[in-house]
Amino acid sequence: AQMQRDFVANVGHELKTPVTAIRGFSETLLEGALDDKETASEFVKIILEQSKQLTDLINDILSLSKIDTSKGDTFVKIKLRKFIERIVQQFEPAIGEKKISFIDKIAPDVEVVCDEKKLQHIISNLMQNAVRYNKKGGSIEVSAVIFENEWCFLIKDTGQGIKHEDLGRIFERFYRVDSSRDRETGGYGLGLSIASSIVKQHKGKIYAKSNIGEFTSFIVEIPQQSSL
Ligand code: ADP
């Protein structure tokens, strides 16, 4: 119950910033800024940007509640390499912009039985972070193996890294390593907690390794039988 109260308080807090901005800029527009075309278009852009952030936050919250309530889902057999390549494609604009090279080390024959949507959620999230927190001209390496009835998935980036004391906390809801910096890059600190809930639900493990300024790796291990 305490966790629930904390959660609601956090959500409220996070909603405040974009809503306050949308309201403030709309009021300023109505009070006269509409007449100055340049200012008006700048303000509308801010309103649009803030609305997009709201949508992201709402989607994250909806995913969390879905994971908490969903049980038996439909499992399908997936060829992991193809699956991941398709997800990576969605990030191509961002990858291109940062001149990041993508290294695919997934064996072509690795197959997993899983809930497609949930797997997609985890991988999209780790990819998004690997791009977002990477440096210009860096790389992202993805590999997957099946080992002793577990499948293990690894995504490694050459970004800013995560301090040792933060490594255990990044999976907490709303936890950001540096909220002022990360606010600019647009995250709410929910992505990894969603990934972690999904993995736990399937008796798997997710953890991170990092050297500050060098690399960050996220590793996901799921028992093959438990079916994601
Ligand atoms: P966000 O949406 O803010 O990225 P996440 O739950 O996905 O939220 O991540 C939590 C925090 O962990 C981030 O704010 C960021 O500081 C840190 N983090 C996550 N992935 C990486 C990464 N690949 N490299 C460096 N820091 C990371």
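**Confidence**

I looked up the confidence of this predicted model first: pLDDT, the predictor's confidence in each residue from 0 to 100, averages 89 over the protein, and 93% of the residues score at least 70. Among the elements of the protein, helix α7 (residues 179–185) has the lowest mean pLDDT, 60, and strand β6 (residues 205–211) has the highest, 97. I took helices (H or I, at least four residues) and strands (E, at least two) as DSSP runs numbered from the N terminus.

I note that residues are numbered from 1 along each chain as its sequence is written, and that side-chain values use heavy atoms, with hydrogens and water left out. In this predicted model local features need pLDDT of at least 70 and side-chain atom pairs count only at pLDDT 80 or more, while totals for chains, interfaces and linings use all residues.

**Sheet**

I traced an open sheet of five strands, ordered β2-β4-β5-β7-β6, with mixed pairing. Two strands pair if DSSP finds at least two bridges between them. The edge strands are β2 (101–106) and β6, each pairing on one side only. From one strand to the next the twist averages 10°.

I then followed β5 (residues 150–157) and β7 (residues 215–223), which pair in the antiparallel sense over eight bridges. Glu150 stands opposite Pro223 in β7.

I found helix α3 (residues 80–90) lying across β2, β4 (139–147) and β5, at about 165° to β2. Contact here means heavy atoms within 4.5 Å. Axes are lines fitted to C-alpha atoms, for helices over the stretch in contact, and angles run from 0 to 180 degrees between N-to-C directions.

**Helix α1 with helix α2**

I recorded that the axes of α1 (residues 2–30) and α2 (residues 37–69) come within 9 Å and cross at roughly 160°. The two helices are therefore roughly antiparallel; angles under 35 degrees count as roughly parallel, over 145 as roughly antiparallel, 65 to 115 as roughly perpendicular and the rest as oblique. The residues of this contact divide into 18 nonpolar, five polar and one charged. I used these classes: Ala, Val, Leu, Ile, Met, Phe, Trp, Tyr, Cys and Pro are nonpolar, Asp, Glu, Lys and Arg charged, and the others, Gly among them, polar.

I examined α5 (residues 116–132) and α8 (residues 191–201), whose axes come within 9 Å and cross at roughly 145°. Residues of α5 that meet α8 include His121, Ile122 and Leu126; those of α8 that meet α5 include Leu192, Ala195 and Val199. By class, this contact has seven nonpolar, five polar and one charged residues.

I next found the axes of α2 and α8 within 10 Å, crossing at roughly 15°. That makes α2 roughly parallel to α8. Asp60, Ser63, Leu64 and Ile67 in α2 meet Ser193, Ile194, Ser197, Ile198 and Gln201 in α8. I counted this contact as four nonpolar, four polar and one charged.
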